[in-house]
Amino acid sequence: GASQQAGDRPGWLQRKALDFASASVGNALKGMYRDLNRAGFNPGEEFAAAIREGQKIGADIVLGDQDVEITLRRLTQALAVTDMNKLLSPDAEFEKSMKELLPGGPDSLQPELSNYNDPAKFKADLSEYVERLKSRESVRKIMIQLNDVAPALVQVMLNERDAYMARGIDTLNQFECLVAVMGIAHQDGVERNLK
């Protein structure tokens, strides 16, 4: 029956395991976005706004990022070869580097966990942190640091998608005017690929 068929196909078990792991990673990301929504943030709202504005003027809307299933599969593979301690440990170099990158230095934003019993305080602290990092220069520095500790993650989440988006943009020559909306971390890579 089914187990015989499964054994006949090379890599069937590995593919099923990767599918399961990818679904788990996807669910974890969905949970993170749900938590951000509960905290009063609207991740992805800039893309929804871009689509609404484009529709208002009758623009053709082209979704140009890599299929999420492919990205999740690749992310799962990248996580398997990433030393998460270097990334997530409170005393990890990456964590120290992130604090150094904050405008005002490492002590400029040191919220106490006890403050997070207050959702308004959590939102205010997170908003301040996000606003401080919303510059291409800050993102460049973060990506350099992240690439040092998790190159496989940067390859999947940035480099591959940058190349994919740039190839897509490059095929849209039939349009006289083009507006591309993307996350700030992708701007440098997409520009580099287009050049």
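Glu-95 lies in helix α6, residues 93–101, where helices are DSSP runs of H or I with at least four residues, numbered from the N terminus. The model is predicted: local features need pLDDT of at least 70, side-chain atom pairs count only at pLDDT 80 or more, and totals for chains, interfaces and linings use all residues. Residues are numbered from 1 along each chain as its sequence is written, and side-chain values use heavy atoms, without hydrogens and water.

Because its relative accessibility is 28%, Glu-95 counts as partly exposed (buried is under 20%, exposed over 50%, partly exposed in between, with a 1.4 Å probe and protein chains only). Apart from neighbours within four places in sequence, Glu-95 contacts Ser-89 and Pro-90, contact being heavy atoms within 4.5 Å. Leu-146 is 51 residues from Glu-95 in sequence, with a C-alpha to C-alpha distance of 9.9 Å.

The chain as a whole has 10 helices and zero strands. Of its 195 residues, 26% are buried. Among contacts with a separation of 6 or more, 70% are between residues 24 or more positions apart.

Helices α9 (residues 151–170) and α10 (residues 184–194) have axes that come within 8 Å and cross at roughly 55 degrees; axes are lines fitted to C-alpha atoms over the stretch in contact, with angles from 0 to 180 degrees between N-to-C directions. That angle makes α9 oblique to α10, since angles under 35 degrees are roughly parallel, over 145 roughly antiparallel, 65 to 115 roughly perpendicular and the rest oblique. Residues making this contact include Met-157, Leu-158 and Arg-161 of α9 and Ala-185, His-186 and Gly-189 of α10.

Notes: Helix = DSSP H or I, 4+ residues; strand = E, 2+ residues; numbered from the N terminus.
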